Amino acid sequence: MAITLNIQADVYDITSDNPLKDEQFMVDTNVWFFFTYSKGMPPSRPNLNAYPNYLSKALANDSHLLHSGLMLSELAHIIEKTEREIHSQVIGTDIRAKEFRHNYGPQMNDAILEIETSWKQVESMAAQVDINIDKNLTDNCMSMFKSVRLDGYDLMIIDSMKKAGLKNIITDDADYSVYPGISLFTANRNVLTQAKSQGKLLTR
């Protein structure tokens with residue numbers, strides 16, 4: 001079933017947008033995955049190349065890329081999962097997460113090296129936005145659950161952006177499009193199509 005979105009963010013198509021000098025962008029985990037992980041770009045989705053291209057343009061134009069330390073946990077998780085799935089295909093056996101972590105030492109070491117390599121690239125290109133996961137943050141997230149359809153992780157990223165005075169996020173995640181007051185820079189075709197039909201797709 002196609003996802004119907006109530007677009008609240010201002011949406012920009014990164015395939016035609018040019019990042020501006022000194023502009024600040026939070027970069028979501030999925031984009032770091034595509035950009036820094038050697039096997040992160042699915043051959044079946046060539047449109048995802050738009051994200052590495054846009055980050056390269058942002059760096060060339062002296063924009064400022066930002067990340068959250070919270071993203072390390074998600075990036076590590078999806079890289080490990082991808083490495084496990086690749087090895088499962090190689091040996092023709094389904095491997096559970098904890099089996100891979102504890103019973104496949106050389107392959108897990110390769111996954112850790114991939115994580116380290118990716119994270120070093122993130123840190124070399126983007127400054128970290130601090131996040132304090134305290135009761136105030138969790139209370140804010142619980143309150144936001146009632147009004148916007150984002151998961152807890154995304155709500156924490158949004159909260160950290162608000163506290164840092166940031167509006168822009170580069171992501172392929174459609175969920176961010178339903179949050180008001182932010183600018184979403186994306187190549188997600190479903191988001192772009194619905195944003196256009198709802199008058200939320202902007203150009204500059």
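Tutor: Let's begin with a word you will need: two residues are in contact, or touch, when they have heavy atoms within 4.5 Å. The model here is predicted, so local features need pLDDT of at least 70 and side-chain atom pairs count only at pLDDT 80 or more, while totals for chains, interfaces and linings use all residues. Residues are numbered from 1 along each chain as its sequence is written, and side-chain values use heavy atoms, with hydrogens and water left out.

Student: Which residues does Thr 82 touch, not counting residues up to four places away in sequence?

Tutor: With those sequence neighbours set aside, Thr 82 touches Phe 33 and Tyr 37. Thr 82 itself belongs to helix α3, which covers residues 71-91. Helices (H or I, at least four residues) and strands (E, at least two) are DSSP runs, numbered from the N terminus.

Student: Is Thr 82 buried or exposed?

Tutor: Buried means under 20% relative accessible area, exposed over 50%, and partly exposed in between (1.4 Å probe, protein chains only). Thr 82 has a relative accessible area of 17%, so Thr 82 is buried.

Student: Now for two helices together. At what angle do α1 and α2 pack?

Tutor: Axes are lines fitted to C-alpha atoms, for helices over the stretch in contact, and angles run from 0 to 180 degrees between N-to-C directions. Helix α1 (residues 29-36) meets helix α2 (residues 50-60) at an angle of about 90°, and their axes are 9 Å apart. That is why α1 is described as roughly perpendicular to α2. The word covers 65 to 115 degrees; under 35 is roughly parallel, over 145 roughly antiparallel, and the rest oblique. On the α1 side, the contact is made by Val 31, Trp 32, Phe 34 and Phe 35, and on the α2 side by Tyr 51, Pro 52, Leu 55 and Ser 56.

Student: Which residues of α2 are buried?

Tutor: In α2, the buried residues are Ala 50, Tyr 51, Pro 52, Tyr 54, Leu 55 and Ala 58. Their cover includes α1 along with strands β2, β3, β5 and β6. Asn 53 also lies in α2, but its relative accessible area is 47%, so Asn 53 counts as partly exposed. The C-alpha atom of Asn 53 is 8.6 Å from that of Thr 15, and the two residues are 38 residues apart along the chain.

Student: Next, the sheet. What is the order of its strands?

Tutor: Strands of a sheet pair through backbone hydrogen bonds, either parallel or antiparallel. Two strands pair if DSSP finds at least two bridges between them. In this model an open sheet of 7 strands runs in the order β4-β3-β2-β5-β6-β1-β7, with parallel pairing. Its edge strands are β4 (126-129) and β7 (201-202), and each of these pairs on one side only.

Student: How many bridges join β1 and β6?

Tutor: Strand β1 (residues 10-13) pairs with β6 (residues 183-186) over 4 bridges, in the parallel sense. Tyr 12 has Phe 185 of β6 as its bridge partner, and Val 11 stands opposite Leu 184 in β6. Strand β5 (residues 168-170) also pairs with β6 in the parallel sense, over 3 bridges.

Student: Which way do the residues of β6 point?

Tutor: In a regular strand the side chains alternate between the two faces of the sheet. In β6, Ser 183 and Phe 185 point one way, Leu 184 and Thr 186 point the other way, and all are buried.

Student: And the loops? Where is Asp 22?

Tutor: Asp 22 sits in the loop between β1 and β2 (24-27). Most residues other than glycine have a negative phi. The phi of Asp 22, however, is a positive value near 70°. Asp 22 is partly exposed because its relative accessibility is 46%. Another such residue is Asp 62, with a positive phi of about 60° just after α2. Asp 62 is in the loop between α2 and β3 (64-68) and is partly exposed, at a relative accessible area of 42%.

Student: To finish, is Lys 196 buried or exposed?

Tutor: Lys 196 counts as exposed, at 62% relative accessibility. Look for Lys 196 in helix α8 (residues 189-197).
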